[in-house]
Amino acid sequence: MAILVKLDDLLHERRMTLSELADRVDITLANLSILKTGKARAIRFSTLEAICEALQCQPGDLLDYAASAKEDQAVPK
């Protein structure tokens, strides 16, 4: 299972920098960068809510699910 974070795409669409989002959400640039690169293992709902509010988006706009190749092979067809 892979959860993909589309933060970079949303920032580009909104013409907003990561630093500007970090200031608006009141989260460190380092933690936001970890989320943006997909290295985060968890996100608090309060953080997700703040990001969605700042970017005027829904959680589904920010996160995407992609099945891994292993999971695709494990499902009988």
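**A helix and its surroundings**

Of the 77 residues of the protein, 23% count as buried, where buried means under 20% relative accessible area, exposed means over 50%, and partly exposed is in between (1.4 Å probe, protein chains only). This is a predicted model, in which local features need pLDDT of at least 70 and side-chain atom pairs count only at pLDDT 80 or more, while totals for chains, interfaces and linings use all residues. Residues are numbered from 1 along each chain as its sequence is written, and side-chain values use heavy atoms, with hydrogens and water left out.

The protein has six helices and two strands. Helices (H or I, at least four residues) and strands (E, at least two) are DSSP runs, numbered from the N terminus. Read from the N terminus, the order of elements is β-α-α-α-α-α-β-α.

The part to look at is helix α2, residues 18–25, whose buried residues are L18, L21, A22 and V25. These residues lie on the same side of α2, because they cover an arc of only 105 degrees around the axis. The arc is that of the directions from the helix axis to the C-beta atoms. On the face turned away from the buried side, α2 carries the exposed residues D23 and R24. After α2 comes D26, whose phi is positive, near 60 degrees.

Next, the partners of the buried side. The buried residues of α2 pack against α1 (7–14), α3 (29–36) and α4 (45–55). Contact here means heavy atoms within 4.5 Å.

M16 has its place in the loop between α1 and α2. M16 is buried, with a relative accessible area of 10%. Leaving aside neighbours within four places in sequence, M16 is in contact with L11, L21, R24, A54 and L55. M16 and L55 are 39 residues apart in sequence, and their C-alpha atoms are 8.8 Å apart in space.

The other residue, R24, lies in helix α2. With neighbours within four places in sequence left aside, R24 is in contact with M16 and A54. The C-alpha atoms of R24 and A54 are separated by 6.6 Å, although these residues are 30 apart along the chain.

Such pairs can be set beside a count for the whole protein. Among contacts between residues at least 6 apart in sequence, 62% join residues at least 24 apart.
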